Structures are given as structure tokens and as C-alpha cells.
Amino acid sequence: MNTIRRFSFAAIALPLSLAIAGCGAETAEGEAPEGDAIAAIEAPGGQAWSETVTVSEEDGYILGNPEAPVKLLEYASLTCPACAAFSADASEKIRDKYVASGVVSYELRNLIRGPDDLMLARLVRCGAKESMIPLSDQVWANLQALLAPIYENQEAAQQAMAMAPDQRFVAFANSFGITDFFAARGISRDQAQACLANPEELQAIADRSQTQSEELGIAGTPTFFINGRKIEGNQNWSTIEPMLQAAGAR
């Protein structure tokens, strides 16, 4: 688990190295919810739960049956190696086995750890709602290649962050090839630049992150909830899957 460092949009020109967090402290593991096995739930005609995406009131992206009896929620940072590891281990299994059955929904909400994180969170939201989770998985799958140039050239990053609010993230993304990365995955350069030139939406993402992390006591990423219950401790797919099964997803 990677610890959350509180992030102020107003202080966005601080060194990007502040966004690199270490592992959070261990806490006692939570008990998994328990329930009987739940039968598969058929999707409406012509639809597939594994392709169904809705946006929650909290700005989370829900994959699957929005009324699923087992709800898995992940708070994640797009610059978090532990979140990248969970994505690599779990994303296909969650989608193809659990979400596809209609029994489980998977909701992804962003926790912001720094300006690079905020930029990425804005870009994964820049296209259709169905693309947010797949784009997040793509970021995690290429995390080292995306972040290394930023951390190796702090001066260029700081120069971008010192620009006007409607220019800084555009310059940042262009300087480090982030715009090109998303263009290769369906978000055009013009589309990405328009999204990054909207300081109000960037501010809203940062504010939601801070408010929700404070309200729910989230100290690190990834943090998981099953049916509204926070799962304590440093979790991964090998511990989360049995909890889903204990909740009835079998």
C-alpha cells in the first residue's frame, strides 16, 4: 500500500518528488463479509455487464451491474506501484469472472498524490466513460516508463507547473510524452489538451480526492471496500478474491 500525501491544488508547483510515497504502515486485516453463493444475474437484452459503465455520485466509475449484490470499491492512485500490481493481477479476473456474472460491480475512484497523478486522473476521464478503467489499466501497465522521465527532469516539470493554471498541465503532458501516450490509446491531442486546460475540473478532482479520503479515513492506496465495509490492512488480489467469494460471488 502507498501512503497518501495531502495534495493542495494551490501548491501544485511543489517538487514532484513529493508525490512519490513509500509503503503505508501495516494495520490489522479486516474480516471478510460472509454470505451464501449468489446466482448469476442476467444483463438486460443486448447488453453485457462487463461492458456496462456508470458514474457514481462520488465520481467513481462503476463497471458492471450497478445494482450488483456484491460491490467492490477501490480507491487508487494512478502513480501507485501497489495499485499497478493489483491491476495486473486482478483486472481481467474481476471483469471476466465476477463482473460478467452480474453479481459483482467494481468501482474505481481516484486518490490524488501529486500533480502528475492529477494530470493522469483527468486524462483517463477525457473520453467516453467506458474508457476510464481500461485507460487506468494502461497507465498502470506502463507506469515506470511514464513516470521515469518526469522524476529524472524535475526542472522541466517545475517550469511547466509554474505556468498559468490553464496552461501548466498541457505543457506538462506535452513535455513528457503523456499526450502522445493517450493519443495512441484513443484520446486525441486536441481532446487531451482541452481536458487539461480546464482548471475547474482539475480542482474538482483534487477536492473530491481530499474530501473522500478524509471522510473515509483513507491513508494509502489501494484501499478497498466491499459492500461499504472498509477492508483494513495491505491487500492484494490473493486476499480480496476470497473476500468476494465469502460475500457470495462464487
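Rings of Phe, Tyr and Trp, the six-membered ring in the case of Trp, count as a pair if their centres lie within 6.5 Å. This report covers such ring contacts in a predicted model.

The structure holds 6 aromatic pairs. Two of them are set out below.

| Pair | Geometry | Centre to centre | Angle between planes |
|---|---|---|---|
| Tyrosine 75 and phenylalanine 225 | edge-to-face | 6.0 Å | 65° |
| Phenylalanine 86 and phenylalanine 224 | tilted | 4.7 Å | 50° |

The pair of tyrosine 75 and phenylalanine 225 links distant parts of the chain, 150 residues apart. Tyrosine 75 belongs to strand β4 (residues 70-76), and phenylalanine 225 to strand β7 (residues 223-226). Tyrosine 75 has 1% relative accessibility and therefore counts as buried. Phenylalanine 225 is also buried, because its relative accessible area is 6% and the cut-off for buried is under 20%.

The pair of phenylalanine 86 and phenylalanine 224 likewise joins distant parts of the chain, here 138 residues apart. Phenylalanine 86 lies in helix α1 (residues 81-99), while phenylalanine 224 lies in strand β7. At 4% relative accessibility, phenylalanine 86 is buried. Phenylalanine 224 is buried too, with a relative accessible area of 1%.

Phe86 and Phe224 are also members of a cluster, in which ring pairs link them with Tyr98 and Trp237.

A contact of another kind involves a charge and a ring. The charged end of arginine 185 sits over the ring of phenylalanine 181, at 3.7 Å from the ring centre.

Terms used: Residues are numbered from 1 along each chain as its sequence is written. This is a predicted model: local features need pLDDT of at least 70, side-chain atom pairs count only at pLDDT 80 or more; totals for chains, interfaces and linings use all residues. Side-chain values use heavy atoms; hydrogens and water are left out. Rings of Phe, Tyr and Trp (its six-membered ring) pair if their centres lie within 6.5 Å; planes under 30 degrees apart count as stacked, over 60 as edge-to-face and the rest as tilted. Helices (H or I, at least four residues) and strands (E, at least two) are DSSP runs, numbered from the N terminus. Buried means under 20% relative accessible area, exposed over 50%, partly exposed in between (1.4 Å probe, protein chains only). A charge sits over a ring if NZ of Lys or CZ of Arg is within 6 Å of the ring centre and within 35 degrees of the ring normal.
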